[in-house]
Amino acid sequence: MGIVEQMKLNEQQQQAVEAITEKDVALVASAGTGKTYALVGCYLKLLEEGVVDNPHQIVAITFTRKAAREMRSRIRGRIGDYLKEGGPAGEWRDHYQRLESARIGTIHSLCSEIIRAHVHLAEVDPAFDVLDEGDAARMQARAVDRALEWAAEGDQRQKELLAWVGADDLESWLLKMLQQRLDVEPALKCARWTEWTKTLDARVELLKCFIQDPAVQEAFWHLGVLHEQGRVEMVRHETAPKVDALVEQIPEALALWREIAEAAAADDWAAVSRMMLPLREQLKRKGSKRNWAAFQPNAKDLISRLRESFDAQLSEWSGSGKGFDLGVDERLLEIMPPLAALHGQAAEIYDRAKERRRVLDFDDL
């Protein structure tokens, strides 16, 4: 009886183990359902079928050192039991003896091994040590503290960033950015602030075109006349007790339009952008065209025209259902360049500290 057969795997485990010699296999199951046991079977199957000559040709990766120790122990125990039960001694005894130096460990230990074998290509100190997570966190915190000191004494943009965000929040941001630098740094390198400015300007231009559109202005003017001449109230009384929906909608839309016009006149496009989605909400298909038939142009038609113009010209606002706050974009455009510079300063301080200690962290590996 072979070593894998002796394991008495269940049907699903058996399927995975049998497939491992021919194709990629993904084991997905909840905790305690036998994944590790199946993986041990896969490991042994590769040896039993001669897919590899010895354990040194298999790379087994785990998330933690504890899991790696457990994996090695289980494989060793299974081979040891097989030998005790009369399995072929020569080949399996060799496998058993080589297990101690087999590549069963964390991804970081594997990376460390590869780097040590090729230090001339990696351009690192041949005598480097691996920084554990606790030491890395402490060194990152010190680097962030020094970077914040640099910001406090830096140029005006750094001081404004510190004042706007606050020291505590900025410290938290920088720590997270250092901890996720493999994702953060490529994103910052790809950032094109001038393109961001162009996008912001383009959105302002869209708002201007809509607000200054003669057809839009004319439609709101007609709605204003209806309201000022008391015709909205007339429809309220005529349709009571079930009041036509436009009776409430028209005054709210007009009030918003006045606020939008005032903000646009003040060149406050951030405020304008925040009011556009509420305006779109007031241009929904409500009310009955028949209730407004006595007044020309018909209020229902005016609302429909405005909605169509809005959706055609401001699809970014109507399509997303969330709108845009250009104030947020403007603020981000102000803070991102100095934040990127501050992150670069913290990362440089952290890297210099690692060089002095001749260590690499998990991200380096």
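Is Arg181 buried or exposed? Select Arg181 and find out: at 8% relative accessibility, Arg181 counts as buried. Buried means under 20% relative accessible area, exposed means over 50%, and partly exposed is in between (1.4 Å probe, protein chains only).

Before you click on, a word about the model. What you have open is a predicted model, where local features need pLDDT of at least 70, side-chain atom pairs count only at pLDDT 80 or more, and totals for chains, interfaces and linings use all residues. Residues are numbered from 1 along each chain as its sequence is written, and side-chain values use heavy atoms, with hydrogens and water left out.

**Stop 1: Arg181 and its partner**

A salt bridge here is a side-chain nitrogen of Lys or Arg within 4 Å of a carboxyl oxygen of Asp or Glu. Arg181 lies in helix H10 (residues 181-190) and Asp351 in helix H18, so this pair ties together parts that are 170 residues apart in sequence. Helices are DSSP runs (H or I, at least four residues), numbered from the N terminus. Asp351 is partly exposed, with a relative accessible area of 26%.

**Stop 2: H9 against H10**

Next, select helix H9 (residues 167-179) alongside H10. They pack at an angle of about 100°, with their axes 5 Å apart. That makes H9 roughly perpendicular to H10, a label for angles of 65 to 115 degrees. The axes are lines fitted to C-alpha atoms over the stretch in contact, and angles run from 0 to 180 degrees between N-to-C directions. Where do the two helices meet? Met177, Leu178 and Gln179 in H9 touch Arg181, Val184 and Leu188 in H10, with contact meaning heavy atoms within 4.5 Å.

**Stop 3: H8 against H18**

Now try helix H8 (residues 156-165) with helix H18 (residues 326-357). Their packing angle is about 110° and their axes are 9 Å apart. That makes H8 roughly perpendicular to H18. To see the contact, show Arg157, Gln158, Leu161 and Trp164 in H8, which meet H18 residues including Ile335, Pro337 and Leu342.

**Stop 4**

Arg357 is in helix H18 and Asp135 in helix H7 (residues 133-152), so you are looking at a link between distant parts of the chain, 222 residues apart. Arg357 counts as partly exposed at 42% relative accessibility, and Asp135 is partly exposed too, with a relative accessible area of 22%.

**Stop 5**

For a contrast, select Glu70 and Arg74. Their side chains meet in a salt bridge (2.7 Å, N to O). Both lie in helix H3 (residues 65-84), 4 residues apart, about one turn of the helix. Glu70 counts as partly exposed at 34% relative accessibility, and Arg74 does so at 35%. How many salt bridges are there by this rule? The count comes to 23.

**Last stop: His95**

Finish in helix H4 (residues 89-98), where you'll find His95. His95 is buried, with a relative accessible area of 2%. Show its neighbours: not counting residues up to four places away in sequence, His95 touches Leu47, Asp53, Asn54, Pro55 and Ile79.

How values were computed:
Angles under 35 degrees count as roughly parallel, over 145 as roughly antiparallel, 65 to 115 as roughly perpendicular and the rest as oblique.
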